[in-house]
Amino acid sequence: MSCSSCSTNKSGVPNGCKSNGNCATGTCGSGNKLAVFDWLSNMTLPSGEAPFNIFEVRFKNGRKHFYKNSENLTLSMGDVVAVEGSSGHDVGIVSLAGELVRVQMKKRKITADSDEVKKIYRKASQKDIDVWQEARERELETQRKGREIVSRLGLKMKLSDVEYQGDGTKATFYYTADERVDFRQLIRDLASAFSIRVEMRQVGMRQEAARLGGIGSCGRELCCSTWLTDFRKVNTAAARYQQLSLNPLKLAGQCGKLKCCLNYELDTYLDALQSFPKQDKVLKTEKGDAVFVKMDIFKKLLWYTYKEESFKWYKLSLEQVQEIIELNKNNELALPLEEYELEITEEISVDFENVVGQDSLTRFDVPKKSRKNSRRRKRKPTSKTEVDKQPQTNKRQKKKPQGKTEKTEGGQKTEKKRVDNRKPRPKNNPKTRKPKPENKTTDKPQGQPKKTKNPRRKNNNQRKRNNSDNKNNTNNEK
């Protein structure tokens, strides 16, 4: 079973679906984690050589085993087969066939005559597949009830996964625990609750993360659940060689252990560190002794500081440090570090360029301005004082008269000036100007006081009170 992408063209080269070893359609039987694509399936065997009769069969969560095709069945990748179990039979999918199985067995150090290699009974019938699917649907409920039983018994263990056998008569419970656990009573309770045979299997933190899967801090699927099969030991020394901060939150993966990817670039760092001097090396200069602070491995830069003036760091290149060490070997003092630092020239690197109308990378870092002030500015003035203070910009400006354009014989446009026939205004003649009165206020009598406006109007109640007071005053006078 394979899709058209896995077929070969006329020249015999496989087309491929550009999935880097993972089937994009899921029909090749290798569309799950820890899958291997058989690139040797298109090659014919030499004449007289029989095909390899051992197949690799995959079960739940990437669990794989090797089975012998003793019945000489015609099998291919993706076929559902019924295989020999511990008691009864199990159902799995053929994940690998051919000569690559021989390579995988050699890698795991399993021989063809080993007891671990069991038999393939037959291709799975529809009844076998139905029983298998029903057993798979019971796994979540079994896991939930199993955790309730574990918490009721007070056992210090974590039940991480449950896997049913293909015939539904047996279930394997995977758990993690820091200490040794006595689960004899747990097995009795599980067997009586589900009426099945129970097998308990302890796994490590890394194996648990590989079975459950997930997304790592890099944004991709976990390596242990996709392609990584052997878990090597990871130490904090790998983080020290790579100049990483020993922060457990950043160095630990989803399993709670150190990330496996710390070992990926360790060899590159070790090769680069061979040309660097030891960190306990002291540089002797005319100003005093300098000690190591930090380094940048790939830029080949080192920072040193004086013992007496540790507040200031000096940046040196690897060649300058080696030059100072050679001088110290000849019992000579080097120049002060300030002069070496001045010789280093840094190249200006452009982090971002506005190409094809791209926005700034930090456009979301700037906080937004509040809209309250802008609304207050746009608000229309209500009082007369605010209207007077505003500049009168909306007045219409008089347009200057423009002359008419006329066409000449050559077709060119000429502008004809307009003649102003309006009469000029008479200018003020000082001789005909009327004399102004000297003092307008002389006619008014000087003894009269100026009228003052009442600051506050009287209400009807106040008027009534004043009228009643005036009547009382007249009666008293009488």
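Is glutamate 141 buried, exposed or partly exposed? Glutamate 141 counts as partly exposed, at 37% relative accessibility; buried means under 20% relative accessible area, exposed over 50%, and partly exposed in between, with a 1.4 Å probe and protein chains only.

**Basis of the description**

This is a predicted model, in which local features need pLDDT of at least 70 and side-chain atom pairs count only at pLDDT 80 or more, while totals for chains, interfaces and linings use all residues. Residues are numbered from 1 along each chain as its sequence is written, and side-chain values use heavy atoms, with hydrogens and water left out.

The protein chain has an average pLDDT of 78, and 66% of its residues score at least 70; pLDDT is the predictor's confidence in each residue, from 0 to 100. Over residues 24-31 the pLDDT is below 50, yet the model gives this stretch 23 contacts beyond near neighbours in sequence. A contact means heavy atoms within 4.5 Å. Residues 440-444 also have pLDDT under 50, and for them the model has zero contacts beyond four places in sequence.

**Overall organisation**

The protein chain contains 14 helices and 14 strands. Helices (H or I, at least four residues) and strands (E, at least two) are DSSP runs, numbered from the N terminus. Of the 478 residues, 28% count as buried. Among contacts between residues at least 6 apart in sequence, 57% join residues at least 24 apart. The chain exposes about 37,800 Å², of which carbon and sulfur atoms supply 48%; accessible areas come from the Shrake-Rupley method with a 1.4 Å probe, and for residues only the protein chains shown count as cover.

**Nonpolar cores**

A nonpolar core is a set of buried Ala, Val, Leu, Ile, Met, Phe, Trp, Tyr and Cys residues joined through side-chain atoms within 4.5 Å. The largest has 20 residues, of which Leu283, Leu302, Tyr304, Leu316 and Leu337 touch the most other members. At least two residues of this core come from each of strand S10 (289-296), strand S11 (301-306), strand S12 (314-317), helix H10 (318-329) and helix H11 (337-342). H10 gives the most, with four residues. Beyond its neighbours within four places in sequence, leucine 302 is in contact with residues including Phe276, Phe292, Met295, Leu316, Leu318 and Val321. A second, separate core of 18 residues includes Met157, Val181, Leu190 and Ile196.

**Helix H4**

Leu190 also belongs to helix H4 (residues 184-194), where Leu186, Asp189, Leu190 and Phe194 are buried. These residues lie on the same side of H4 because they cover an arc of only 105° around the axis, the arc being that of the directions from the helix axis to the C-beta atoms. The exposed residues Arg184, Arg188 and Ser192 are carried on the face turned away from the buried side of H4. Cover for the buried residues of H4 includes H3, strand S7 (170-176) and strand S8 (197-202). Just after H4, serine 195 takes a positive phi of about 55°.

**Salt bridges**

The structure holds 20 salt bridges, each defined as a side-chain nitrogen of Lys or Arg within 4 Å of a carboxyl oxygen of Asp or Glu.

| Glutamate 141 | Arginine 144 | 2.3 Å |

Glutamate 141 and arginine 144 are three residues apart in helix H3 (residues 139-153), so about one helical turn separates them. Arginine 144 is partly exposed, with a relative accessible area of 40%.

Glutamate 208 is buried, at 6% relative accessible area, whereas lysine 158 is partly exposed, at 45%.

Aspartate 161 in strand S6 and arginine 211 in helix H5 are likewise 50 residues apart and link distant parts of the chain. Both aspartate 161 and arginine 211 are buried. These two residues belong to a network of salt bridges that links Lys60, Arg63, Asp90, Arg136, Glu139, Asp161, Glu163 and Arg211.

**A buried loop glycine**

Glycine 78 is found in the loop between strand S2 (64-68) and strand S3 (80-84). Glycine 78 is buried, with a relative accessible area of 15%. Its C-alpha lies 6.3 Å from that of serine 95, a residue 17 places away in sequence.
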